[in-house]
Amino acid sequence: GKLEGLSLSSPIFDGANDYFTKTDESSFDLTTKFTLSCWAKRTVNDTAWEYVISKTHHTSRRAYAMYVQDKKLGVYVSGDGSSSNRGYVKSASEFTYNIWNHFVVTYDGSGPTLKTYINGVEDTDTQTSSGTWTSVYNSSDPLAIGQGNMEVSPSVDIFTGNIRDVRVDDRVYSAEQIASLYSGSYNVTPKHWWKLDGTVDDDEADSGTGTAYTMTKVSAPAR
């Protein structure tokens, strides 16, 4: 919610070698629909492509990603792991850097339709599509926060700034639910939820199995 995004601590991502990963789990395979959300503060004012949430790899293992590029919020999915059968869209407007923004992206395979929301309001530009992507590829790669590897080496695509309150869900939230999530009044537990608030890595949602999917912090040499 809003207070969690604005008032509590969060890890710093240096844009070079800091990110979180969790080994692949079947509950991360968001095949036909999803909502990804977080609070993020990007601390550089440039047009670089950086990942916020991703499950993707450039060697034909692309699945889905929330990213920033051209100072806009974006969402990407691949139907078969390749760059041939895919869809993506960015927000129509730029977000403000160096302040906390609430980011939400959704995917509905029945369209297929992608949407982006910034601070509780939909702001989706024209969707780009190629081939077939009515379902999302089940990648074996880890789920990552603050990092992605879809086109080039990971070090290029690591987020610069702060990320917290990361939620991953296997359903499409409505515009009303997303507005409520931004304001802090929507309290439904998602499939996965990493607060990244000082406890850092604990998954607050148990995915219905009682299992806490713990994120691992990586501070590795840039690759």
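I began with a definition: buried means under 20% relative accessible area, exposed means over 50%, and partly exposed lies in between (1.4 Å probe, protein chains only). With that in hand I looked up N119, which counts as partly exposed at 25% relative accessibility.

Before going on, I noted that this is a predicted model, where local features need pLDDT of at least 70, side-chain atom pairs count only at pLDDT 80 or more, and totals for chains, interfaces and linings use all residues. Residues are numbered from 1 along each chain as its sequence is written, and side-chain values use heavy atoms, with hydrogens and water left out.

**Entry 1: the whole chain**

I started with the overall count and found two helices and 15 strands in the protein chain. Helices (H or I, at least four residues) and strands (E, at least two) are DSSP runs, numbered from the N terminus. Of the 223 residues, 49% are buried. Next I looked at contacts, where contact means heavy atoms within 4.5 Å. Among those between residues at least 6 apart in sequence, 68% join residues at least 24 apart. The accessible surface comes to about 8900 Å², and 46% of this belongs to carbon and sulfur atoms. Such areas come from the Shrake-Rupley method with a 1.4 Å probe; for residues, only the protein chains shown count as cover.

**Entry 2: the cores**

I then searched for nonpolar cores, each a set of buried Ala, Val, Leu, Ile, Met, Phe, Trp, Tyr and Cys residues joined through side-chain atoms within 4.5 Å. The largest one has 34 residues, and F34, L36, Y64, M66, F103 and I163 have the most contacts inside it. Elements giving two or more residues to this core include β3 (33–42), β8 (101–108) and β13 (160–169). β3 gives the most, with four residues.

Leaving out residues up to four places away in sequence, Y64 touches, among others, F28, L30, F34, L36, Y76, V77, V136 and L143. There is also a second, separate core of six residues, and Y117, Y173, I178 and L181 are among them.

**Entry 3: T106**

Is T106 buried or exposed? I found T106 buried, because its relative accessible area is 2%. T106 lies in strand β8. Not counting residues up to four places away in sequence, T106 touches F34, T35, T113, L114, K115, Y117, V172, Y173 and I178.

**Entry 4: salt bridges**

I reminded myself that side chains of opposite charge can pair when their charged atoms come close. The rule here is a side-chain nitrogen of Lys or Arg within 4 Å of a carboxyl oxygen of Asp or Glu. By this rule I have 10 salt bridges on my page.

The side chains of D24 and K55 meet in one of them, at 2.9 Å from N to O. D24 is partly exposed at 27% relative accessible area, whereas K55 is buried at 0%.

D29 also meets K55 in a salt bridge, at 3.7 Å from N to O. D29 counts as partly exposed, at 24% relative accessibility. Which residues do the shared partners join into one network? I wrote down D24, D29 and K55.

I looked up D141 too, which forms a salt bridge with R61, the closest N and O atoms being 2.5 Å apart. D141 sits in the loop between β11 (128–130) and β12, R61 in the loop between β4 and β5, and they are 80 residues apart. D141 is buried at 8%, while R61 is partly exposed at 25%.

**Entry 5: H57**

H57 lies in the loop between β4 (50–55) and β5 (64–69). I marked H57 as buried because its relative accessible area is 17%. Leaving aside neighbours within four places in sequence, H57 is in contact with R62, D141, N149 and M150.

**Entry 6: backbone details**

Where is the cis peptide bond? I found it joining G111 and P112, with omega about -5°. P112 is in the loop between β8 and β9.

N98 is not a glycine, yet it has a positive phi of about 65°. I placed N98 in the loop between β7 (86–90) and β8, and noted it as partly exposed at 45% relative accessible area. Back at N119, phi is near 55°, a positive value in a residue other than glycine. N119 has its place in the loop between β9 and β10 (121–122).
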